[in-house]
Amino acid sequence: MKLLRQIDLMNIIDYEKVREKYRINIIKYKKRRRISLGPNITITFENRKTMKFQIQEMMRAERMVHDRQIKEELDIYNSLLPNKNGLSATLFIEVTKETQIHSVLNQFIGLTVGKNLYFQIGAQKIYAQFEEGREEADKISSVHYLQFDLDEKTMTDFLDDGIAVAITIDYNDYQYSEILSKTMRSSLIEDLTI
């Protein structure tokens with residue numbers, strides 16, 4: 001996927017003028033790219049459009065106007081874009097009650113190691129590759145960045161609407177699977193065919 005450049009971004013003054021409408025549109029767009037796996041895991045698939053929004057919001061929040069600051073944000077968020085023939089996502093471990101934060105997060109320690117999250121494309125499994133550094137022996141972050149790399153066969157099957165595609169988490173007692181909706185799959189196919 002083509003990397004974002006500074007020329008693709010609005011300065012914070014211009015962004016402020018269009019932010020409300022832009023934000024509403026992105027929220028609607030991301031809703032088509034979000035899937036829940038059980039009560040605690042939500043996955044949102046990312047691309048240039050979603051990352052551009054994140055950068056614009058960071059620039060706004062941090063009042064970034066200097067090229068160096070903006071380049072740093074571009075470097076961070078560009079690294080989260082999907083690889084060629086791949087998909088990227090943000091995984092959130094969601095906790096609704098503050099008193100349960102530690103107990104819920106602790107049950108996911110070890111999630112980033114091994115083959116615990118994957119796409120099931122027909123009979124094939126494409127395992128998530130977790131960004132390193134978000135888990136330690138005794139704690140885990142609530143936010144994780146994932147990459148799914150498809151080979152030629154799984155890419156062809158993903159594009160074939162006659163073959164079911166599901167995303168599955170199978171970690172200890174936390175086991176959930178969801179078939180991708182037609183709307184979500186269509187949105188992800190756009191990422192794969194750019």
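## A tour of helices and their contacts

Select Asn78 to begin, and you will find this residue in helix H3, which covers residues 67-78. Before going further, keep in mind that the model on your screen is a predicted one. Is Asn78 buried or exposed? With a relative accessible area of 12%, Asn78 counts as buried, because the value lies under 20%. Now show the side chain of Asn78 and follow it to the backbone nitrogen of Leu4, which the side chain reaches at 2.8 Å. If you leave aside the neighbours within four places in sequence, the residues in contact with Asn78 are Leu3 and Leu4.

The axes of H2 and H3 come within 10 Å of each other and cross at roughly 150°. H2 is therefore roughly antiparallel to H3, since the angle is over 145 degrees. If you turn the view to look at how the two helices cross, the crossing of H2 and H3 is right-handed. Which residues make this meeting? From H2, display Met51, Gln54, Ile55, Met58 and Met59, and from H3 display Ile70, Glu73, Leu74 and Tyr77, which they meet. Sorted by class, this contact of H2 with H3 holds seven nonpolar residues, one polar residue and one charged residue.

Keep H2, residues 48-62, on the screen, and select helix H1, residues 12-31, as its next partner. H1 and H2 pack at an angle of about 140°, and their axes are 10 Å apart. The two helices are therefore oblique to each other, and their crossing is left-handed. To see the contact itself, colour Ile12, Tyr15, Glu16, Arg19, Tyr22, Arg23, Ile26, Tyr29 and Lys30 in H1, and then, in H2, the residues that they meet, namely Lys49, Thr50, Lys52, Phe53, Gln54, Gln56, Glu57, Met59 and Arg60. By class, the contact of H1 with H2 is made up of seven nonpolar, three polar and eight charged residues.

Two residues of H1 deserve a separate look. Select Ile12, which has its place in helix H1, and note that Ile12 is buried, with a relative accessible area of 10%. When residues up to four places away in sequence are not counted, Ile12 touches Met59, Arg60, Arg63, Met64 and Val65. How far apart in space are Ile12 and Glu62? From C-alpha to C-alpha the separation is 9.9 Å, although Ile12 and Glu62 are 50 residues apart in sequence.

Next select Ile24, which also lies in helix H1. Ile24 is partly exposed, because its relative accessible area of 41% falls between 20% and 50%. Draw a distance from the C-alpha atom of Ile24 to that of Gln147, and the two atoms, which belong to residues 123 apart along the chain, are separated by 26 Å.

For the last stop, select helix H5, residues 152-159, together with helix H6, residues 182-192. The axes of H5 and H6 come within 10 Å and cross at roughly 140°, and that makes H5 oblique to H6. The crossing of H5 and H6 is left-handed. Here the contact is made by Met155, Asp157, Phe158 and Leu159 of H5, together with Arg185, Leu188, Ile189 and Leu192 of H6. By class, six residues in the contact of H5 with H6 are nonpolar and two are charged, while no polar residues take part.

Methods
Residues numbered from 1 in each chain as written. Predicted model: local features only at pLDDT ≥ 70, side-chain atom pairs only at ≥ 80, totals over all residues. Heavy atoms only, no water. Helix = DSSP H or I, 4+ residues; strand = E, 2+ residues; numbered from the N terminus. Buried < 20%, exposed > 50% of the residue type's maximum accessible area, 1.4 Å probe, protein only. Polar contact = N/O pair within 3.5 Å; in protein donor to acceptor, adjacent residues only side chain to side chain. Contact = heavy atoms within 4.5 Å. Axes fitted to C-alpha atoms, helices over the stretch in contact; angles between N-to-C directions. Parallel < 35°, antiparallel > 145°, perpendicular 65-115°, else oblique. Left-handed = near helix turned anticlockwise from the far one by under 90°. Nonpolar A, V, L, I, M, F, W, Y, C, P; charged D, E, K, R; others polar.
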